[in-house]
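I opened this entry to look up charged pairs and strand pairing. My notes follow in the order I made them.

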Amino acid sequence: MSRLLQLLYLSLIILISEFFHISHGDVGTAARYSSPYSPTQCFGSDPSQFPSSNLFAAAGDGIWDNGASCGRQYLVRCISASLPGTCVQGQTIQIRIIDYIGTAPSLPSVNGSTIVLSRTAFQTIANSSVVTSINIEFQQV
């Protein structure tokens, strides 16, 4: 009986911890960049690399992984910014890494970001066109 009680307590603790676990991903920063987006380090000038949603990004040094991040998909959400009310609450997007920001044909709004989002991706999770960088939670899918 003691073993069953221990198992019940353990199950209850795991269940409760899931309710209070807010983040399942990593935290970083995101900037934005604009066209031209091609050619890219990952896929050259192939137009099929761009999702029809235009939700894509260039990898910063922290996730580039010597090109292994090419094609990876990430769930990204804005968690804060320097200007209150910037984040679109409850909005999470799925982006595809198509480039390395160090060789991208256009410059990021801020250097040193974890991920540099396309203009469409950035505007989907952030309300302000004034803010050049946001804090994000991201998770590879």
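**Salt bridges**

I looked for salt bridges in this predicted model and counted two.

I took the pair of Asp-65 and Arg-72 to begin with. I noted a salt bridge between Asp-65 and Arg-72, with the closest N and O atoms 3.3 Å apart. I then looked up the accessibility of Asp-65: at 45% relative accessibility, Asp-65 is partly exposed, because buried would need under 20% and exposed over 50%.

I turned to Glu-137. Its salt-bridge partner is Arg-77, and the closest N and O atoms of this pair are 2.6 Å apart. I placed both residues in their strands: Glu-137 belongs to strand 6 (residues 133–140) and Arg-77 to strand 3 (residues 73–81), so this pair ties together parts that are 60 residues apart in sequence.

Is Glu-137 buried or exposed? I found 10% relative accessibility for Glu-137, which therefore counts as buried. For Arg-77 I read a relative accessible area of 28%, so Arg-77 is partly exposed.

**Strand pairing**

I went on to strand 6 and looked for a strand that pairs with it. Strand 1 (residues 26–33) pairs with strand 6 in the antiparallel sense, and I noted six bridges between them. Within this pairing I located Gly-28, which stands opposite Ile-136 in strand 6.

Which way do strand 1 and strand 5 run relative to each other? I found that strand 1 and strand 5 (residues 115–118) run parallel, joined by four bridges. Here I located Ala-31, which stands opposite Val-116 in strand 5.

Methods:
Residues are numbered from 1 along each chain as its sequence is written. This is a predicted model: local features need pLDDT of at least 70, side-chain atom pairs count only at pLDDT 80 or more; totals for chains, interfaces and linings use all residues. Side-chain values use heavy atoms; hydrogens and water are left out. A salt bridge is a side-chain nitrogen of Lys or Arg within 4 Å of a carboxyl oxygen of Asp or Glu. Buried means under 20% relative accessible area, exposed over 50%, partly exposed in between (1.4 Å probe, protein chains only). Helices (H or I, at least four residues) and strands (E, at least two) are DSSP runs, numbered from the N terminus. Two strands pair if DSSP finds at least two bridges between them.
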